[in-house]
Every structure is written in structure tokens, then in C-alpha cells.
Amino acid sequence: MRTQIAILLFLLVSCTDALGGSSRDEVAWAKSPDGRVHAILLETNGGATTSFGYLIELHPADHRGEKPVNAGSLYGAVRSDCAYGIDLHWNDANTLVLRFDSAKKMDVPASVTVAGKRIRIAVEDGMKNESAPCGGMAANRAAANGS
């Protein structure tokens with residue numbers, strides 16, 4: 001019975017991805033002031049009945065084969081009354097700041113280690129970005145690139 005449930009779940013997830021039911025797009029990145037770490041923001045989209053999800057990954061700038069470090073996830077994050085997303089900012093070489101107005105769910109560690117460095121993750125909610133374009137970040141990036 002467990003095997004049948006596992007197979008069914010695998011098929012459902014596979015079909016959702018194949019039919020375009022969910023996506024995962026790189027929508028922003030920011031290099032640390034010392035150039036040693038890159039912060040990558042990924043937007044997930046599960047379709048019309050869900051909000052956007054956001055994953056933050058940190059990578060060593062030299063990409064020494066290390067896997068990305070998970071630096072948090074947010075669901076339903078918005079930057080204004082009509083714009084979804086998160087703004088990434090580095091306060092200094094050891095502090096990444098996530099700025100947004102609000103989020104439905106948030107799981108962000110206080111700090112992570114990447115490329116041998118301890119990076120503090122700071123959250124600044126209540127920070128509206130009225131200049132952010134309305135909608136999801138991936139759609140806006142695609143429109144800006146003419147795709």
C-alpha cells in the first residue's frame with residue numbers, strides 16, 4: 001500500500017511539472033560587498049489557486065562545486081499592494097537583508113555558513129517598495145526581457 005501511494009504521489013508531482021502546473025524561476029540575485037557570496041532569489045508558482053513562494057539560496061562566488069545553502073523560504077510575500085516578491089540587500093559582507101511588506105508564511109534562519117563564512121540573515125518586513133512592478137517577479141522579468 002505504501003509503495004502504491006508513493007508511486008501515485010510521484011506521478012502527480014511529475015505530471016504537475018510536465019504540464020506547467022508549477023515553476024521555479026531565478027528572479028533576482030545580489031553579490032556580497034566582498035564578492036565572496038551570491039544571494040539568489042527563486043520564485044515558485046504552483047498555479048492560479050496558490051500564491052508565489054520564494055526561496056533564498058546562497059552560493060560561493062567561485063562555485064567550487066559546493067551545493068547552494070538554503071537561506072530561507074517565504075510564501076505569499078509582497079512588496080506593495082500589487083507587487084509580489086522580496087528585495088535582496090547586503091548591509092555588509094556578512095549580513096543579507098530580506099525586505100518586503102508582508103508574507104503569509106516565513107522560515108528564515110538567523111544565519112547560515114557558506115564558503116566558510118557565517119552570513120547573518122536579517123528580515124525587514126513592513127518595507128513597501130512602491131516602485132516594484134505589479135504581479136509576480138518572474139513574469140515581470142520575462143516581460144522586461146521581451147519574452
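Which backbone nitrogen lies 2.9 Å from a polar atom of the side chain of glutamate 43? I looked this up in a predicted model, and the backbone nitrogen is that of alanine 138.

**Entry: glutamate 43**

I placed glutamate 43 in strand E2, residues 37-45. I then checked its charge partners. Glutamate 43 is buried and has no salt bridge. The nearest side chain of opposite charge belongs to arginine 79, 7.1 Å away; a salt bridge would need a nitrogen within 4 Å of a carboxyl oxygen. I did find a polar contact from the side chain of glutamate 43 to the side chain of tyrosine 54, at 2.5 Å. Leaving out residues up to four places away in sequence, I listed the residues that glutamate 43 touches, among them Ser23, Arg24, Phe52, Tyr54 and Ala138.

**Entry: aromatic pair**

I searched for aromatic pairs and counted one. Phenylalanine 52 and tyrosine 84 form this pair, with 4.9 Å centre to centre and 65° between the planes. I logged the pair as edge-to-face because the angle is over 60 degrees. Phenylalanine 52 sits in strand E3 (residues 52-60), and tyrosine 84 in the loop between strand E4 (69-75) and strand E5 (87-92). The two are 32 residues apart, and the pair links distant parts of the chain. I noted phenylalanine 52 as buried, at a relative accessible area of 15%, and tyrosine 84 as partly exposed, at 30%.

**Entry: isoleucine 119**

I found isoleucine 119 in strand E9, residues 117-124.

How values were computed
Residues numbered from 1 in each chain as written. Predicted model: local features only at pLDDT ≥ 70, side-chain atom pairs only at ≥ 80, totals over all residues. Heavy atoms only, no water. Helix = DSSP H or I, 4+ residues; strand = E, 2+ residues; numbered from the N terminus. Phe/Tyr/Trp six-rings, centres within 6.5 Å; stacked < 30°, edge-to-face > 60°. Buried < 20%, exposed > 50% of the residue type's maximum accessible area, 1.4 Å probe, protein only. Lys, Arg positive; Asp, Glu negative; His and termini not counted. Polar contact = N/O pair within 3.5 Å; in protein donor to acceptor, adjacent residues only side chain to side chain. Contact = heavy atoms within 4.5 Å.
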